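Biologist: I would like to learn how to read the features of a model such as this one. Can we begin with charged pairs?

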Amino acid sequence: MDSYHELVRTIALTLGVGWASGINLYAALLVLGIAGATGDLALPPDLQVLASPLVIGAAGLMYGVEFFADKTPGVDSGWDALHTFIRIPAGALLAAGAVGEVTPALEIAAGILGGGMAATSHVTKAGTRLLINTSPEPFSNWTASVAEDVAVFGGLWAALNQPWLFISLLVAFLVLVAWLLPRVFRALRKVGGGILRLFGRRPRAPAADPPASLERQ
């Protein structure tokens, strides 16, 4: 029975670190690092480096930078675009390290799942943020950013302490994403088409008067 619970916890942690990395990588690193350093979580060998004070300090610094960048309209979308090349590979690496000492095939499979979860949550976040940025007021950005931070901290807590609850919520998240993303992309395409039409409507230059010699003819 203990091995069964450990397996479920490992699965939840593997999927959880991938999912959380796609939303806020530095928050995920901070949670894992602090949990490992305080002894609340026995980090797998490949992730024990996260408990280093140097890693925790760097993750905390970058989390502070992202905290403000993520709440500034326009800057948040640029930040998301840049982190496309950071969050997804990091999610794959963290997921591969979360399974512990297993066969290379299982480690690669965990990395694929973690990278896929990171890509899913990252694209969902970036797409909804682009749509939110069409609104001129900043409060929706702040609300979305705070909700994302709470989701990351709460989701990782659930993955570590209530793995079945986390897995159930993750399934609900994937169902929501499958319903939401097509609508977000259609809305973004409509907004993008409107912007292109707006800038494409240039006043036509007045026709030049014909030369006087042609007028006499």
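Modeller: Start with the term itself: a salt bridge is a side-chain nitrogen of Lys or Arg within 4 Å of a carboxyl oxygen of Asp or Glu. Keep in mind that this is a predicted model. A search of the whole structure finds ten salt bridges.

Biologist: What is the general idea behind such pairs?

Modeller: Side chains of opposite charge can pair when their charged atoms come close. For a case here, take D76 and R129, whose side chains form a salt bridge with an N to O distance of 2.8 Å. D76 belongs to helix α3 and R129 to helix α4 (residues 104–132), and the two are 53 residues apart, so this pair links distant parts of the chain.

Biologist: Are D76 and R129 buried or exposed?

Modeller: Both D76 and R129 are buried. For R129 the relative accessible area is 0%, and the cut-off for buried is under 20%.

Biologist: Which other residue meets R129 in a salt bridge?

Modeller: E148 does, at 3.0 Å from N to O. R129 is in helix α4 and E148 in helix α5, so the bridge ties together parts that are 19 residues apart in sequence. E148 has a relative accessibility of 13%, and therefore counts as buried.

Biologist: How should I read a residue that takes part in several pairs?

Modeller: Look for a network. Here E66, D70, D76, D80, R87, K125, R129 and E148 are linked by salt bridges. One of the pairs in the structure is D80 with R87, at 2.9 Å from N to O. D80 counts as buried because its relative accessibility is 1%. R87 is buried as well, with a relative accessible area of 0%.

Biologist: Let us turn to the fold. How many helices and strands does the protein have?

Modeller: There are seven helices and zero strands. Read along the sequence, the pattern is α-α-α-α-α-α-α. Of the 217 residues, 40% count as buried.

Biologist: What tends to happen to nonpolar side chains?

Modeller: In soluble globular proteins, nonpolar side chains tend to be buried together. In this model, the largest nonpolar core has 42 residues, and those with the most contacts inside it are V17, W19 and F166. Two or more residues of this core come from each of α1 (2–38), α2 (53–69), α3, α5 (139–161) and α6.

Biologist: Which element gives the most to this core?

Modeller: Helix α1 does, with 17 residues.

Biologist: Where is a nonpolar patch on the surface?

Modeller: Look at L82, F85 and I86, which form such a patch with about 330 Å² of accessible area together. F85 is in helix α3 (residues 75–98), and its relative accessible area of 67% is why F85 is classed as exposed. I86 also lies in helix α3, but I86 counts as partly exposed because its relative accessibility is 32%. The C-alpha atoms of I86 and L25 are separated by 8.4 Å, although the two residues are 61 residues apart along the chain.

Biologist: How do I read other pairs of that kind?

Modeller: A126 and G78 are 48 residues apart along the chain, and their C-alpha atoms are separated by 9.4 Å. A126 is in helix α4 and counts as buried, at 17% relative accessibility. A96 and I112 are 16 residues apart in sequence, with 8.1 Å from C-alpha to C-alpha. A96 is in helix α3 and is buried, with a relative accessible area of 13%.

Biologist: Which residues gather in a patch of positive charge on the surface?

Modeller: The patch consists of R183, R186, R189 and K190. R186 is placed in helix α6 (residues 163–200). With a relative accessibility of 46%, R186 counts as partly exposed; the range for that class runs from the buried cut-off of 20% to the exposed cut-off of 50%.

Biologist: Then how would you put the charged features side by side?

Modeller: R183, R186, R189 and K190 form a positive patch on the surface. D76 and R129, which meet in a salt bridge, are both buried.

Note on methods: Residues numbered from 1 in each chain as written. Predicted model: local features only at pLDDT ≥ 70, side-chain atom pairs only at ≥ 80, totals over all residues. Heavy atoms only, no water. Patch = residues over 30% accessible without salt bridge, like charges linked within 9 Å, V, L, I, M, F, W, Y side chains within 5 Å. Areas by Shrake-Rupley, 256 points an atom, 1.4 Å probe, with all protein chains shown as cover. Lys, Arg positive; Asp, Glu negative; His and termini not counted. Charge placed at Lys NZ, Arg CZ, Asp CG, Glu CD. Helix = DSSP H or I, 4+ residues; strand = E, 2+ residues; numbered from the N terminus. Buried < 20%, exposed > 50% of the residue type's maximum accessible area, 1.4 Å probe, protein only. Core = buried A, V, L, I, M, F, W, Y, C linked by side-chain atoms within 4.5 Å.
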